[in-house]
Amino acid sequence: MSISQVRATSSANVGEYVGSVATTVGAQSVDWWCTPAFDAVVTLSCEIPYYRGRKAVLAWNRHFGWSLGVHGLSQGNVLVVEGLGLGPAPDPAHCSDRVAELLTELADWAPRPASGQPAPRIVHGPGAPHA
């Protein structure tokens, strides 16, 4: 796993925790965002089939926890598909198990046709162009 630190975090414990989750899920990379939306984005080696061609990611916010998503169409964006629902800092093994469950659930998933439901959120990371 390669770790690229865009910005350093204020706590060594945070780095250790995110690194432990990344190792447990077999991540390809960790990017430190340090934005209000996310503190870190962990790129996985797999894809969510509906978003073929874009790597799946785990995005972490120290207040709300982990979300599964994909890299956006432009650099530095994440499209959130589903929150893990495990709280702000769950055990790395629980994260790994929940990611496996969600990836299995999303294997045949496609968004519902527009029916007034909110669309997935696109989160802009550091250096991303804003539309």
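Which residues are linked in a network of salt bridges? Arg98, Glu101 and Glu105 are, and we'll come back to them below. First, a word on the ground rules: this is a predicted model, where local features need pLDDT of at least 70 and side-chain atom pairs count only at pLDDT 80 or more, while totals for chains, interfaces and linings use all residues. Residues are numbered from 1 along each chain as its sequence is written, and side-chain values use heavy atoms, with hydrogens and water left out.

**The nonpolar cores**

- The largest nonpolar core holds 27 residues, and Val18, Val42, Leu58, Trp66 and Leu68 have the most contacts inside it. A nonpolar core here is a set of buried Ala, Val, Leu, Ile, Met, Phe, Trp, Tyr and Cys residues joined through side-chain atoms within 4.5 Å.
- "Buried" is meant as under 20% relative accessible area, "exposed" as over 50% and "partly exposed" as in between, using a 1.4 Å probe and protein chains only.
- Two or more residues of this core come from each of α1 (12–24), β2 (29–32), β3 (40–47), β4 (55–61), β5 (65–71), β6 (77–83) and α2 (92–105). Helices (H or I, at least four residues) and strands (E, at least two) are DSSP runs, numbered from the N terminus.
- The largest share of the core, five residues, is the part given by α1.
- Leaving out residues up to four places away in sequence, Leu68 touches Leu44, Ile48, Ala56, Val57, Leu58, Val80, Val81, Glu82, Leu84, Leu102, Leu103 and Leu106. Touching, or contact, means heavy atoms within 4.5 Å.
- Another core, of seven residues, lies apart from the largest one, and its members include Phe38, Val57, Ala59 and Val78.

**Strands β5 and β6**

- β5 and β6 run antiparallel and are joined by five bridges. Strands count as paired if DSSP finds at least two bridges between them.
- Their hairpin has five residues between the strands, and Gly76 takes a positive phi near 85 degrees there.
- Most of β6 is covered, with five of its seven residues buried.
- Ser67 belongs to β5 and stands opposite Gly83 in β6.
- With a relative accessible area of 15%, Ser67 is buried. Setting aside neighbours within four places in sequence, Ser67 is in contact with Val57, Leu58, Ala59, Val80, Glu82, Gly83 and Leu84.

**Aromatic rings**

- The whole structure has seven aromatic pairs. Rings of Phe, Tyr and Trp (its six-membered ring) pair if their centres lie within 6.5 Å; planes under 30 degrees apart are called stacked, over 60 edge-to-face, and the rest tilted.
- Tyr17 and Trp66 have ring centres 6.3 Å apart and planes at 50 degrees, so this pair is tilted.
- That pair links distant parts of the chain, as Tyr17 sits in helix α1 and Trp66 in strand β5, 49 residues apart.
- Tyr17 is buried at 15% relative accessible area, and Trp66 is buried at 3%.
- Trp60 and Trp66 make a tilted pair too, with centres 5.9 Å apart and planes at 35 degrees. Both of these tryptophans are buried.
- Put together, Tyr17, Trp60 and Trp66 form one aromatic cluster.

**Cysteines**

- How many disulfides does a search of the whole structure find? The count is zero, with a disulfide taken as a pair of cysteine sulfur atoms within 2.5 Å.
- Cys46 is partly exposed at 25% relative accessibility, whereas Cys95 is buried at 0%.

**Salt bridges**

- There are three salt bridges in the whole structure. Each is a side-chain nitrogen of Lys or Arg within 4 Å of a carboxyl oxygen of Asp or Glu.
- Arg62 bridges to Asp39, with the closest N and O atoms 3.3 Å apart. Arg62 is in the loop between β4 and β5 and Asp39 in the loop between β2 and β3, so the pair ties together parts 23 residues apart in sequence.
- Asp39 is buried at 10% relative accessibility, while Arg62 is partly exposed at 33%.
- Arg98 and Glu101 both lie in helix α2, three residues apart, about one turn of the helix.
- Arg98 is buried at 18% relative accessible area, Glu101 is partly exposed at 43%, and Glu105 is exposed at 52%.
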